[in-house]
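Welcome! Please take a look at the structure below, and then we will walk through some of its features together.

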Amino acid sequence: MNRKLYIAACASLALAACAGAAITAQPWTQGSTSAAWQAQPASTRTIGLGLPGGATLAPQVVFAGGAHLLTPTVSPLRSLSDLKLVGGNGFVAVSDAGDLVRGELRLDDNGQLVGLDQLRSVRLTMLDGQPISNKVDGDAEGLALLDNGDVLVSFERDHRIWNYGPLDALTKPREVPRPIWPFDDNGGMEGLASHGQQWRVAGEDGGVWDCTISECVAVQIPPQTRPRDSDYRMTALDRDPSGDGYWLVQRSFSPPMDVRARVRRMDERGNLGPVLIELKLPGTTDNFEGIAATRKDGKTRLYILSDDNENPLQRTLMLAFDVADQ
């Protein structure tokens with residue numbers, strides 16, 4: 001998403017109130033089968049939920065650590081717009097500039113998220129295999145990993161979903177079905193999640209679709225009236241690993257400084273459950289657009305990721321939460 005969110009100085013104070021010292025990320029060493037990936041320098045600092053009165057967590061939710069990613073001014077690690085987990089503690093993210101990013105979660109002895117390591121990136125390509133060279137072509141917003149390992153990426157502006165093949169052996173993309181809907185340039189397919197060899201799409205302005213290699217079928221049609229930026233709009237989606245349904249991020253923004261995020265469940269019919277996590281000032285908050293879910297120690301572990309829009313007043317944050325079964 002390419003909106004500039006002007007967060008006031010109190011957001012910096014909220015983050016600084018519970019931030020640790022910056023630690024250089026452990027570098028990635030290129031392997032013989034990973035020539036396309038390039039190591040990227042960065043550091044991280046641990047963060048908490050900020051000042052009291054910001055975060056609201058449901059009784060079954062516990063904060064499990066956070067990391068603030070610090071990068072050079074120009075870096076493929078900026079503008080990260082979705083997130084999925086891979087392997088043990090690995091993750092993959094996509095940027096709305098057209099980069100794919102991989103790394104490792106750094107967890108402490110208690111399983112708390114304290115940093116990000118082994119960061120590397122590769123440029124996504126067009127159908128002819130040439131690297132994406134402009135914003136219109138590279139505005140990636142959603143990311144999903146199919147059961148066979150294939151990487152799906154959804155784009156807005158030029159609305160499409162492309163399959164880039166296996167994560168460890170990326171190929172020229174091929175187009176796969178996407179919802180037939182007249183999305184706005186900046187209000188497209190923000191949520192993307194896989195279920196086996198199928199995928200679910202959530203539109204930022206509303207609407208939910210289930211897709212196969214043959215077609216996409218509407219689960220819920222977008223509302224007739226386009227939501228405002230100040231409304232809670234869907235920005236990220238992942239399959240619930242504990243059973244049926246999905247995990248969803250919603251974001252709200254009211255100029256000049258009120259940016260909020262919510263996390264809740266979505267059932268198979270696209271209906272939303274109660275708000276389980278809410279982030280707002282004066283706590284730690286930003287432009288959250290990515291989510292990944294896994295099972296850990298008998299609970300659901302959620303990671304949410306913010307898109308800094310390459311704006312110096314925003315941050316790339318990853319926060320972790322544990323959700324107990326009910």
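There are two helices and 24 strands in the chain; here helices (H or I, at least four residues) and strands (E, at least two) are DSSP runs, numbered from the N terminus. This is a predicted model, in which local features need pLDDT of at least 70 and side-chain atom pairs count only at pLDDT 80 or more, while totals for chains, interfaces and linings use all residues. Residues are numbered from 1 along each chain as its sequence is written, and side-chain values use heavy atoms, leaving out hydrogens and water.

**The whole chain**

- Along its principal axes, the C-alpha trace spans about 50 × 50 × 40 Å.
- Buried residues make up 56% of the 326 residues; buried means under 20% relative accessible area, exposed over 50%, and partly exposed in between (1.4 Å probe, protein chains only).
- Of the contacts between residues at least 6 apart in sequence, 56% join residues at least 24 apart, where contact means heavy atoms within 4.5 Å.

**A closer look at Leu105**

- You can find Leu105 in strand S8, which covers residues 99-107.
- Leu105 is buried, with a relative accessible area of 8%.
- Beyond its neighbours within four places in sequence, Leu105 is in contact with several residues, including Leu85, Phe91, Tyr303 and Met318.
- Leu119 is 14 residues from Leu105 along the chain, and their C-alpha atoms are separated by 10.0 Å.

**Aromatic rings**

- The structure holds five aromatic pairs; rings of Phe, Tyr and Trp (its six-membered ring) pair if their centres lie within 6.5 Å, and planes under 30 degrees apart count as stacked, over 60 as edge-to-face and the rest as tilted.
- Phe183 and Trp209 form an edge-to-face pair, 5.6 Å centre to centre with 75 degrees between the planes.
- This pair links distant parts of the chain, 26 residues apart: Phe183 is in the loop between strands S13 (174-176) and S14 (189-195), and Trp209 is in strand S16 (residues 208-211).
- Phe183 is buried at 10% relative accessible area, and Trp209 is buried at 3%.
- Phe155, Trp162 and Tyr164 form one aromatic cluster.

**Charges over rings**

- Arg262 lies over the face of Tyr232, at 3.8 Å from the ring centre (a charge sits over a ring if NZ of Lys or CZ of Arg is within 6 Å of the ring centre and within 35 degrees of the ring normal).
- Arg265 lies over the face of Trp247, at 5.9 Å from the ring centre.
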